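Subject: Structure for your files

Hello,

Please read the notes with the structure open.

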Amino acid sequence: MTTLNETIQIERPAREVFQYVADFATCVEWDSTAIETGRLDDTPVGVGTRYKVVCEAPFGKLPLEYEIVEFEPDHKVVLIGRGRFFEVEDTILITPTKTGCELDYTAVFTWKPWLQKFAASMEPGLKRMGYASVQKGMKAALEDNYAAPEISGENARADRFVPTALMRFTKRGYKRGAKKLFNPMSRYMADKHVVLTGATAGLGKASAEFLAYRGAKLTLVVRNRNKGQALVKELKARTGNKQIALEIADLSLMADVDKVVASLSKKGEPIDVLINNAGALFNPRQVTSEGLEQSFALLLLGPFRLTEALKPLLQHAADLRGEARVINVVSGGMYSQKLRVLDLQNEEDKYSGSVAYARCKRALMIKTEQWAEDWADEGIVVNAMHPGWADTPGVESALPEFHKLTRLVLRTPEEGADTINWLAVATEAGQLSGKLFLDREPRTTHLTDSTRESEESREQLREILGNWDSAHEGDKAA
Ligand SMILES: NC(=O)c1ccc[n+]([C@@H]2O[C@H](COP(=O)([O-])OP(=O)(O)OC[C@H]3O[C@@H](n4cnc5c(N)ncnc54)[C@H](OP(=O)(O)O)[C@@H]3O)[C@@H](O)[C@H]2O)c1
């Protein structure tokens with residue numbers, strides 16, 4: 001047997017530390033040898049939860065299966081890990097102190113009989129690994145004091161040429177970003193209210209699941225009641241998170257947007273994070289029952305109206321907890337288009353769904369920058385992200401040829417949603433505003449100068465969207 005023990009002091013409440021470490025899926029963020037983790041069951045974190053953990057050992061990759069065998073909320077979690085060479089019992093004890101809590105981590109290795117004679121020679125290496133994992137990895141993860149990211153030199157160079165920039169949209173691009181460069185995200189979410197649109201499929205569903213596991217209070221805005229109810233039931237059962245509410249709205253209808261706003265305002269729960277994710281690409285051109293072109297209604301006017309109207313609740317969260325965040329999901333497609341401020345409803349040229357979509361995302365990016373500037377002193381940060389190319393029902397149905405061609409290099413929905421989750425959860429993400437992110441790094445908003453808009457057209461966009469109702473009073477009456 002080999003026993004490792006490390007103790008660290010953390011200036012955070014025991015419940016926050018427990019929430020993070022008890023879910024062993026986070027171990028890839030702090031364990032010095034773990035390179036991959038995943039849940040083996042769709043169950044809440046507790047006794048019986050199993051994880052797959054792949055560690056990098058001097059002799060190659062070492063897969064382990066862990067199971068939680070004891071679980072005392074806010075205090076203790078015991079796991080048994082089983083692998084080819086050993087069984088390990090990990091006991092994590094968290095005890096409140098005057099300034100936060102103490103975390104005591106003990107790992108007891110029982111070697112397979114044929115390895116026992118080597119146990120003593122392996123001990124120094126294991127001790128170094130235990131020290132690196134707890135005193136360095138876990139301590140840093142829980143101190144959560146990471147600098148706001150900057151674009152890496154490599155990605156800045158890639159963004160100078162369209163083909164190399166596009167390569168970053170693929171699964172390989174994500175892996176490049178993720179490769180041990182991502183910081184842990186231990187921020188406590190159970191007291192944060194996140195409003196997420198378009199949660200029933202693709203990236204939204206992946207984010208809803210991630211945030212539910214992190215314990216966030218969720219309001220999912222969906223258009224299909226049955227799908228929404230099934231999702232809430234599924235998420236509650238899988239994650240154990242009981243704080244998941246539903247709002248029903250077709251976000252391309254402004255009357256529905258107003259209804260959601262009225263309902264959320266009546267409930268009065270401050271909003272810590274608003275994620276404008278719902279989206280679709282429309283071919284051929286369609287007009288909503290309110291007379292608006294569909295892409296414009298769903299991808300630009302809808303999120304604009306929702307965000308403006310929910311500002312008091314965002315402000316309330318910022319006043320209470322020091323910050324609130326808005327995350328706009330845009331698209332790399334916007335790199336191909338310039339703002340057409342006088343043709344927001346895509347009426348002038350022959351309609352193309354992809355072009356209309358890209359122009360709306362371009363306009364939402366500009367609104368992101370404007371909100372960030374306008375709300376800078378109010379504690380509300382506003383950022384945009386694009387997911388690269390992810391394999392979602394939306395991409396498969398709207399772009400079947402593209403999907404067929406790129407299927408092998410598309411990201412999973414979880415990989416595509418990673419930067420949404422990071423923007424919602426990571427402490428350091430709250431330090432930046434008005435940026436576009438891919439793989440947790442701020443990226444350029446223009447790959448070529450030909451898409452740059454004038455200051456005048458940016459201001460026109462602000463005015464047109466801001467004055468939409470008064471300018472279209474007559475339309476409603478008619
Ligand atoms: N996947 C990619 O590669 C990619 C690339 C760039 C940008 N994006 C952006 O990422 C976001 C998510 O896309 P996705 O790929 O995950 O798409 P998806 O799989 O089609 O999911 C879209 C979600 O939005 C909802 N939605 C669509 N129209 C709505 C409406 N009128 N009202 C309310 N909700 C509506 C859908 O609800 P239903 O389940 O009821 O249909 C679904 O929950 C979008 O903004 C998209 O533009 C995706």
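To begin with the domains: 19 residues of domain 1 are in contact (heavy atoms within 4.5 Å) with 14 residues of domain 2. Domain 1 covers 2–143 and domain 2 covers 153–477, with bounds that come from an automatic or database domain assignment. Taken over C-alpha atoms, the centres of domain 1 and domain 2 are 36 Å apart.

This is a predicted model, in which local features need pLDDT of at least 70, side-chain atom pairs count only at pLDDT 80 or more, and totals for chains, interfaces and linings use all residues. Residues are numbered from 1 along each chain as its sequence is written, and side-chain values use heavy atoms, with hydrogens and water left out.

The chain contains 18 helices and 15 strands, which are DSSP runs numbered from the N terminus (helices H or I, at least four residues; strands E, at least two). Its radius of gyration is 24 Å, close to the 23 Å from the globule rule for 478 residues, so the chain is as compact as a globular protein of that length. That radius is taken over C-alpha atoms, and the rule is 2.2 Å times the number of residues to the power 0.38. The C-alpha trace spans about 85 × 50 × 40 Å along its principal axes.

Of the 478 residues, 54% are buried (under 20% relative accessible area, 1.4 Å probe, protein chains only). Among contacts between residues at least 6 apart in sequence, 69% join residues at least 24 apart.

Regards

Methods: Buried means under 20% relative accessible area, exposed over 50%, partly exposed in between (1.4 Å probe, protein chains only).
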